[in-house]
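The following note sets out several points on the structure shown below.

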Amino acid sequence: MNSVLKIEDLHVKVGETPILTGVNLEVKQGEIHALMGPNGSGKSTLAYALMGHPKYEITQGKIEIGGVDLAELDACERARLGLFLAFQYPVTIPGVKVADFLRLAISNIRNPERKEGENLMPMREFRTELRETMDQLNMDSEFARRYLNDGFSGGEKKRMEILQLALLKPKFAILDETDSGLDSDAVRVVSEGLAKLSGPEMGVLIITHHERLLEYNEPQFTHVMLAGKIVETGDASLARELHENGYTEVRKRHPEEAALEDKQEVVAK
Amino acid sequence: MTEQKISIASAEGFEAFLATRNEPQWVVKRRIEAFATYQDLCDQPLDPEEFRRIDLRLFRPADYSVRSGNATENAADQFATLMVDRGEFAGHVAHVDGTTIRSELNSELKEQGVVFCSLNEAITEHPELIQQYFMTKAVQTDADRFSAWHAAFWTGGAFLYVPRNVELKQPLHSLIGLAQSGAADFSHTLVVLEEGAQATLLEETSSADPKAAGLHMGAIELLVGKNARLAYVQLQNWNERVFHFAHQCGRVERDAALQWTVGALGSKFSHVHQDVMLDGRGSDAQVNGVAFATDRQKLSYYTRQAHKAPNTHSDLLYKEVVRDRARMIWRGMIEVDEIAQQTDGYQRNDSLILSHDARVDAIPGLEINADDVRCTHAATAGQVDEEQILYCMSRGVSRDEAMHVIVEGFFQQVFDRIPVELVRETLSQTVQTKLGFGNEA
């Protein structure tokens with residue numbers, strides 16, 4: 001049965017600053033949604049709040065996956081429910097080999113009841129799957145022996161996120177500017193990678209400034225965020241329009257939010 | 001023979017101790033001199049540079065005694081040794097409560113002139129070697145009250161001698177055990193590698209009873225001859241009721257290499273003075289430290305890399321993790337003599353603090369008297385990055401497991417420097433075990 005990621009009237013603050021002021025969004029498995037918006041509009045905040053980052057406090061509204069309220073669940077429990085976030089800035093974990101980390105992750109995601117110290121996915125099975133997946137994404141197997149993101153280039157880090165996405169096969173994947181900071185070859189690699197992975201089993205929310213990722217992964221829905229709210233929803237053509245013309249027209253159509261945006265910037269400065 | 005408990009804190013105790021030893025006159029003479037030095041030094045203050053961060057008030061020497069006689073049968077079986085079952089060893093020496101319980105060496109190596117036995121045996125079997133090397137080259141009796149105390153009361157320990165150009169392919173193993181409550185162990189490790197020799201000695205300290213209080217007042221001397229190669233590991237894994245004091249000194253001659261790995265996991269309190277002296281041109285020393293303190297453990301290391309000749313190289317990396325109310329103190333010094341031009345000295349200390357009440361003091365230092373050298377030091381201290389934890393959690397890894405993964409990764413960077421797989425595995429296993437109990441951060 002198709003599951004739904006449902007965001008209802010979501011308000012989020014960071015410290016004392018309200019960032020999201022009532023976000024509504026529904027993503028079904030199998031759908032691709034693009035989330036666009038100028039810097040500071042709250043896109044990454046939405047991503048972190050969905051994943052359960054403790055710094056992002058939900059003050060109102062709720063998030064559900066398949067009817068399960070995420071409010072009391074930490075990031076680990078959310079991941080085991082089928083949520084995945086490809087980080088904009090993946091962290092480095094020195095001394096932890098990619099392969100070991102992935103095996104641990106995969107064991108937990110596929111066996112959500114697993115407790116620490118319990119069985120990991122059998123090594124042989126894991127190795128085979130890892131090798132096949134890396135081949136599929138044109139990744140050198142040498143990657144698996146390196147320490148997680150340690151000394152990785154920007155593009156390598158993003159590919160590592162895509163590799164994790166491929167192995168963990170989440171119900172819902174949020175990609176937070178997975179294409180930012182990459183040269184066009186790297187964007188292509190990541191975009192193609194994602195295109196291979198998404199399908200009827202995965203709902204995808206792509207946060208992006210660029211359209212390249214969307215060329216390979218055409219969204220059924222494009223949402224525009226302004227000052228902590230989704231102000232417009234359209235189809236793929238809206239994404240193209242925003243890419244070509246920027247947010248000036250959007251701001252004109254939503255003067256109230258645009259005014260708030262200016263105020264927030266003053267506060268931020 | 002009935003067991004006798006001998007006080008280590010009085011002149012009467014020392015007399016009684018001597019009476020049980022039945023040792024040659026030259027040994028007795030050295031002990032008596034050392035005890036006199038010990039008494040003198042007890043009246044003098046300890047070096048503030050080394051001891052000012054250390055509170056010795058909880059240490060009461062009267063609580064411990066040296067045991068004589070009654071070496072328990074099969075005593076080695078009481079110990080969960082971490083390394084013995086994991087590897088093939090060319091020889092074993094084991095001591096429990098200061099008494100030798102095992103001393104074996106592969107006969108082929110014996111024929112080549114290798115000696116690996118208890119120091120007690122060595123006194124009678126190889127007096128010339130002991131006279132020449134025991135506390136004459138490396139650890140000095142009068143360094144401070146602890147070294148003098150050790151020199152007066154030393155009770156066995158492992159002795160390794162490798163003749164010229166002999167290479168040991170397999171490692172040797174030494175166990176220092178404490179079994180009975182209140183026992184004091186004054187064991188000594190002496191390693192002598194002649195020119196061109198190569199050996200690996202893995203030593204571990206262990207408590208038979210997790211609740212028995214004990215004392216280790218030890219010393220380690222590693223003498224690496226010209227062009228020789230020594231890998232030495234000491235894994236200190238006492239229970240958390242043992243006081244551990246040690247003077248440790250390695251001397252590295254021309255073109256020789258010493259790789260020294262320290263695992264500091266156990267003890268209630270420990271203070272280790274570790275000197276590495278690069279005596280010969282082109283000598284090289286790598287020092288690795290893995291320390292993990294939990295509960296109320298206090299571990300203190302005073303390390304010194306002394307460059308005494310030109311073209312010498314030293315590289316020290318200590319990594320420590322503290323949790324609960326534990327405390328770790330590291331004071332490191334690189335010294336470069338005027339003559340030691342073209343020296344390359346490095347020291348680095350990284351610590352990870354897992355709990356609010358845990359504390360680390362890491363103080364690096366340089367004392368350079370030559371003008372053409374490269375010496376650098378670095379110290380970092382911090383908590384586990386919440387962003388790292390969140391990242392792991394977002395991949396389905398629980399907070400506790402994430403913390404464990406990150407800590408293991410932190411240590412992995414030292415493990416990567418250790419070529420002996422057995423040691424890497426043992427250390428990693430020990431860290432995992434230790435991560436598994438106590439209060440979570």
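1. In this predicted model, R417(B) and D315(B) are both buried. Their side chains meet in a salt bridge, with an N to O distance of 3.2 Å. The two residues come from distant parts of the chain, 102 residues apart: R417(B) lies in the loop between helix 9 and helix 10 (421–435) of chain B, and D315(B) in strand 18 (residues 313–322) of chain B.

2. A second salt bridge in chain B joins E49(B) and R331(B), whose closest N and O atoms are 2.6 Å apart. E49(B), at 26%, is partly exposed.

3. Over all chains, a search of the whole structure finds 37 salt bridges. Among them is the pair E8(A) and K6(A), at 3.7 Å from N to O. Relative accessibility is 33% for E8(A) and 29% for K6(A); E8(A) therefore counts as partly exposed, and so does K6(A). In chain A, R110(A), E129(A) and K169(A) are linked in a network of salt bridges. Side chains of opposite charge can pair when their charged atoms come close.

4. Chain A contains an open sheet of six strands with mixed pairing, in the order 6-9-10-3-11-12. Its edges are strand 6 (83–86) and strand 12 (229–234) of chain A, each of which pairs on one side only. On average, neighbouring strands of the sheet are turned by 20° against each other, direction ignored. Helix 8 (residues 236–245) of chain A packs on this sheet, where it touches strand 3 (32–36), strand 11 (221–226) and strand 12 of chain A. The direction of helix 8 makes about 45° with that of strand 11 of chain A.

5. Strand 6 of chain A pairs with strand 9 (residues 172–176) of chain A in the parallel sense, over four bridges. Within this pairing, A86(A) stands opposite L175(A) of strand 9. Which residues of strand 6 of chain A point one way, and which the other? L83(A) and L85(A) point one way, F84(A) and A86(A) the other, and all are buried. In a regular strand the side chains alternate between the two faces of the sheet.

6. The largest nonpolar core has 120 residues, of which L46(A), L50(A), I93(A), L130(A), L163(A) and F411(B) touch the most other members. Helix 9 (residues 399–415) of chain B gives the most to this core, with nine residues. Apart from it lies another core, of 52 residues, including A34(B), I54(B), A151(B) and F186(B).

7. L130(A) can be followed in more detail. Leaving aside neighbours within four places in sequence, L130(A) is in contact with A99(A), L102(A), A144(A), L163(A) and L167(A). In soluble globular proteins, nonpolar side chains tend to be buried together.

Note on methods. Residues numbered from 1 in each chain as written. Chains lettered and ligands numbered in written order. Predicted model: local features only at pLDDT ≥ 70, side-chain atom pairs only at ≥ 80, totals over all residues. Heavy atoms only, no water. Pairing = 2+ DSSP bridges. Axes fitted to C-alpha atoms, helices over the stretch in contact; angles between N-to-C directions. Contact = heavy atoms within 4.5 Å. Core = buried A, V, L, I, M, F, W, Y, C linked by side-chain atoms within 4.5 Å. Buried < 20%, exposed > 50% of the residue type's maximum accessible area, 1.4 Å probe, protein only. Salt bridge = Lys/Arg side-chain N within 4 Å of Asp/Glu carboxyl O.
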